[in-house]
Amino acid sequence: MTNKLKPANLKIFAVQFICILIFLGVDQISKYLIERYLRPVGTFPLIKGVLNLHYLQNTGAAFGSLSEHTALLSLVTSVVLFGILAFIFVDKSGNIFYRIFLPFIVCGGLGNLVDRVSKGYVVDFIELPFLNFAVFNFADMLVTSGAFCLCVYLVWSLFKERKESADNASSEIQEADKNDEKA
């Protein structure tokens, strides 16, 4: 058996790759515009008390953690991205959740990796002051939404699988009881 990709799988991979490039472009353009126009200002309220554009250079990961370990973060991100891309390329399951949400994670990770490698920091700029939450960016939103949706799907599929297993076991027991009654 050969391990060649079918044309349908190549088309799906191509669409995923194009989506990654588009979202990466949106991420990088938004960060460029923020650096160019917001950096001198610092903060610009879009919706007072709800949504601000706030320029921040984040040398770490989420919430500024690991800020002294940019090289390590870049290495770990690269390894994770390579693993996800390899999975996307060889996945033959046809699972729509993997096809949609893994590219979100790749694009977000790649967007922040580009910043980390080229600048030594990630440009964050979305602030929700009413939540007193960390400042984040478009790439962070992609990683978070992709990971969240995959987690919800995986939990749902585990429950579904357990229910199907229980239903199958119940059917087998009922069939065995019918056979016992006949004997």
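Let me start with the hairpin: strands S1 and S2 form it with three residues between them, and Gly49 in the turn has a positive phi of about 80 degrees. S1 covers residues 43-47 and S2 residues 51-58, paired in the antiparallel sense over four bridges; pairing requires that DSSP finds at least two bridges between two strands. Pro45 stands opposite Asn52 in S2. Strands here are DSSP runs of E, at least two residues, and helices are runs of H or I, at least four, numbered from the N terminus.

This is a predicted model, where local features need pLDDT of at least 70, side-chain atom pairs count only at pLDDT 80 or more, and totals for chains, interfaces and linings use all residues. Residues are numbered from 1 along each chain as its sequence is written, and side-chain values use heavy atoms, with hydrogens and water left out.

Next, the cores. A nonpolar core is a set of buried Ala, Val, Leu, Ile, Met, Phe, Trp, Tyr and Cys residues joined through side-chain atoms within 4.5 Å, buried being under 20% relative accessible area with a 1.4 Å probe, protein chains only. The largest has 14 residues, and Ile88 and Leu102 are among those with the most contacts inside it. H1 (7-38), H2 (70-90), H3 (96-119) and H4 (138-182) each supply at least two residues, and H3 gives the most, six. A second, separate core has nine residues, including Ile34 and Phe125.

Last, H3. Its 24 residues should span 34 Å at 1.5 Å a residue, and the end C-alpha atoms are 35 Å apart, which agrees; the expected span is 1.5 Å times one less than the number of residues. Gly120, with a positive phi near 85 degrees, follows H3.

Technical notes
Buried means under 20% relative accessible area, exposed over 50%, partly exposed in between (1.4 Å probe, protein chains only).
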